[in-house]
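Here is a report on one protein chain. Please keep the sequence and the model at hand while reading.

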Amino acid sequence: MVNVSDHDQVVEPGKASPTRQSQAYEGLRSLLLSGSIEPGTRLTEAELTKMFDVSRSTMRAVLVRLTQEGYVTSEVNRGVRTRSFSAEEAADILEARETLESALAGKAAERATEEEIRELRSTLEAMEDCERRGDQAGYSRGNRRFHQQVKEAAHQQTLARAYDTLLYPLVMRQYRNLSVQHPRTGSLEEHQAILLAIVTRNPDAAVAAMRHHVASARRALLLRTAADSAEPSARPDQDAEGGEQPASPVNA
């Protein structure tokens, strides 16, 4: 259970503390982005108010905001549910991610500090170790950290904000093919190429390396949706045998 404190803020009677509401929003948003809740899952106010220790009115405001931002959907007689995406919507999001993250990598090559480059090196070394040991979960965590570090090293808030609205982790949670090898063949080498371009302060090379890297996710999605079309009985969140997929790490 997630407990969120008021920090002794004084608020008007009947209104939630901005801190309490914002923490509930960030907590639920992070939970959705983690991929631990399957697409189409109904979210009830009663369960969420207990989880985040807030009032129903506060959680209702949080759900309204998440609905407006596209993380969840709200329908009459169906309630609030986690977002699911059509194949066309998912492909559009991955295409936008390609463009935005490539631009961020180019900016990182121009603007990354020496400390940020050291952190990127450290993350990549950890990913290399995970690949040697066959630690898929560790590699996935490193992958997410590497991409986050590139975004931060770009020091370009407008691009970063646009990137953060893409809901890419939710798309990958729904469509990632768990039957393929993980990490994907060539993934580590692609990360190494991105880092080399940043280290050598070559924006054009960084853009090209990142675009090549993230394009693999879109190609994988197209292959997955083609397979789904051939198997109309299989839902996007099921494997080929019709069994539910466990929560999967999000990777490029």
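**Basis.** This is a predicted model, in which local features need pLDDT of at least 70 and side-chain atom pairs count only at pLDDT 80 or more, while totals for chains, interfaces and linings use all residues. Residues are numbered from 1 along each chain as its sequence is written, and side-chain values use heavy atoms, with hydrogens and water left out.

**Overall fold.** The chain holds 10 helices and 3 strands. Both are DSSP runs numbered from the N terminus (helices: H or I, at least four residues; strands: E, at least two). Read from the N terminus, the order is α-β-α-α-β-β-α-α-α-α-α-α-α. A contact means heavy atoms within 4.5 Å. Among contacts with a separation of 6 or more, 75% join residues 24 or more positions apart.

**Surface and burial.** The accessible surface of the chain is about 13,100 Å², and carbon and sulfur atoms supply 51% of it. Areas come from the Shrake-Rupley method with a 1.4 Å probe; for residues, only the protein chains shown count as cover. Of the 252 residues, 43% are buried. Buried means under 20% relative accessible area, exposed over 50%, and partly exposed in between (1.4 Å probe, protein chains only).

**The core.** The largest nonpolar core has 54 residues, and Leu28, Leu32, Met59 and Ile198 touch the most other members. Helix H4 (residues 87-111) gives the most to this core, with 8 residues. Such a core is a set of buried Ala, Val, Leu, Ile, Met, Phe, Trp, Tyr and Cys residues joined through side-chain atoms within 4.5 Å. In soluble globular proteins, nonpolar side chains tend to be buried together. Beyond four places in sequence, methionine 59 contacts Ala24, Leu28, Leu48, Thr49, Phe52 and Val54.

| Residue | Helix | Relative accessible area |
|---|---|---|
| Alanine 90 | H4 | 0% |
| Threonine 123 | H5 (residues 114-133) | 4% |
| Glutamine 174 | H8 (residues 168-175) | 4% |
| Isoleucine 194 | H9 (residues 187-199) | 0% |

Alanine 90 is 77 residues from leucine 167 in sequence; their C-alpha atoms lie 9.3 Å apart. Threonine 123 touches Gly142, Arg145, Phe146 and Gln149, leaving out residues up to four places away.

**Helix H8.** How many residues of H8 are buried? The count is 7 of 8, so H8 is mostly covered by the cut-off for burial. The buried set is Tyr168, Leu170, Val171, Met172, Arg173, Gln174 and Tyr175. Glutamine 174 also makes a polar contact: a polar atom of its side chain lies 2.8 Å from the backbone nitrogen of phenylalanine 85. A polar contact is a pair of N or O atoms within 3.5 Å; within protein, one must be able to donate a hydrogen and the other to accept it, and residues adjacent in sequence count only if both atoms are side-chain atoms.

**Charges over rings.** The charged end of arginine 97 sits over the ring of tyrosine 168, 3.9 Å from its centre. The charged end of arginine 65 sits over the ring of tyrosine 25, at 3.6 Å from the centre. The rule asks for NZ of Lys or CZ of Arg within 6 Å of the ring centre and within 35 degrees of the ring normal.
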